[in-house]
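We'll start with the whole chain and then look at some of its parts.

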Amino acid sequence: MHRVCSHSKHMTPGAITYRNPNSGATTVAGEPTGLGEIAGACGFDPGKPNPARIYDYLLGGKDHFAADRRAAQRLVSALPDAARAARANRVFLTAAVRYVARRGISQYVDIGAGLPTSPNVHESARSVVPAARVAYVDNDPVVVTHARALLATDDFVIVVKGDTREYEAILAGPELNALIDLSEPVCVLFVSMLHFLTADEADAVVAAFRERMAPGSYLVISAGHDKNQQVREQVQTAYGDAAVLTGRPAAEIAAYFDGFDLVPPGLVPVTEWPLEEPDVGPRPRIWPGSPAPMAASMLAGIGRKRG
Ligand SMILES: C[S@@+](CC[C@H](N)C(=O)[O-])C[C@H]1O[C@@H](n2cnc3c(N)ncnc32)[C@H](O)[C@@H]1O
């Protein structure tokens, strides 16, 4: 049985239509009711939590199901700063892209792009470099459907469906290569996604991109750092079998930047990243009433390739 999952630019943001071409039935999901129909149409199980939708819930978005909300609440029980870290992560991502764009970089590859959250990478980059080209990559079919509708608004923003673990296919793919020229400086982002891979997988994918990036390119990374055994188990339980969660020591996260110079302030808790220029301080509070610095579950850094 062949079914499609589509999204209209003219609908309320966040709403998706799910059409079953056999029955002709259409379901509109912003706050979905026909979960069985949606699951069948898009090939996912809304009863299972999903990393992109859990993150969307933590950010205050509206593209999530009850299972995602329950998982997010379990995550917050294990990591009380999870929601604040998610928001700080978006601040870091935006600041990093603008920082890199101010250094003249006009092409971006955002790996594990997530559900569209404004300002997105192309909006941040184009606020500085209007002709910036952006390739978003994600393996989640719902993310890809949303992103193609909301982000790929011109020929210079594309959304590639790909699993990072199959990095050779992504790197060799015609879609990426039609837009991104890796022989020229590029910015590659792995923001809040490497902890969804095993350590070996994460090392391999980052190394593959790192080796192909031209001198003067930028690598932007935020990634979960290791916790005690009990917290680790609680976090993994929150996600269930939807994802592997890998926290890593700071030295292993720093090793992602092998051959790159870290820009100030270096590899720091994501909640401590300066809002704009890293060398301009003091750092304002990200949101009212929150003590800073706080215990952060992710470390963040920007590196520039030597040579
Ligand atoms: C927490 S979200 C991060 C979104 C965005 N990068 C940000 O920081 O705001 C993680 C994203 O990584 C994606 N992801 C997880 N594993 C992946 C894989 N193996 N290949 C591609 N994308 C993956 C998920 O689908 C999800 O959209």
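Two strands count as paired if DSSP finds at least two bridges between them. Keep that in mind for the strands further down.

## The whole chain

First, a reminder that this is a predicted model. The protein chain has 11 helices and 11 strands, and it runs to 307 residues, of which 44% count as buried. To be called buried, a residue needs 20 or more other C-beta atoms within 10 Å of its own.

How much of the contact in the chain comes from residues 24 or more positions apart? If you take the contacts with a separation of 6 or more, such residues account for 67% of them.

Let's zoom in on strand β5, residues 133-138. Is this strand mostly covered or mostly uncovered? It's mostly covered: 6 of its 6 residues are buried. Both faces are involved, with Arg 133, Ala 135 and Val 137 buried on one side and Val 134, Tyr 136 and Asp 138 buried on the other.

One partner of β5 is strand β4 (residues 107-111), and these two pair in the parallel sense over 5 bridges. Here you'll find Val 109 standing opposite Ala 135 of β5. To get from β4 to β5, the chain passes through helix α5 (residues 121-126), and this β-α-β crossover is right-handed.

## On to β6

Strand β6 (residues 157-161) also runs parallel to β5, and 5 bridges join the two. Look at Ala 135 again: it stands opposite Ile 158 in β6. Another pair to find is Tyr 136 and its bridge partner in β6, Val 159.

Why can we say that β6 is largely enclosed by the rest of the structure? Because 4 of its 5 residues are buried.

## Helix α4

Now for a helix. Helix α4 covers residues 82-102, which makes 21 residues. From its first C-alpha to its last it reaches 30 Å, close to the 30 Å expected at 1.5 Å a residue.

This helix is mostly covered too, as 16 of its 21 residues are buried. After α4 comes Gly 104, and its phi is positive, near 90°.

Another cis peptide bond runs from Pro 264 to Pro 265, with omega near 10°. Pro 265 lies in the loop between β9 (260-262) and β10 (268-269).

Finally, find Ser 192, in the loop between β7 (187-191) and α9 (199-212). Its phi is near 50°, a positive value in a residue other than glycine. Is Ser 192 buried or exposed? Ser 192 has 25 other C-beta atoms within 10 Å, and the cut-off for buried is 20 or more, so Ser 192 counts as buried.

Methods:
Residues are numbered from 1 along each chain as its sequence is written. This is a predicted model: local features need pLDDT of at least 70, side-chain atom pairs count only at pLDDT 80 or more; totals for chains, interfaces and linings use all residues. The expected span of a helix is 1.5 Å times one less than its number of residues. A residue is buried if 20 or more other C-beta atoms lie within 10 Å of its own, exposed if 12 or fewer, and partly exposed in between; C-beta atoms are placed from the backbone. A crossover is right-handed if, with the strands pointing away from the viewer, the path from the first strand over the helix to the second runs clockwise. Two residues are in contact if their C-beta atoms, placed from the backbone, lie within 7 Å.
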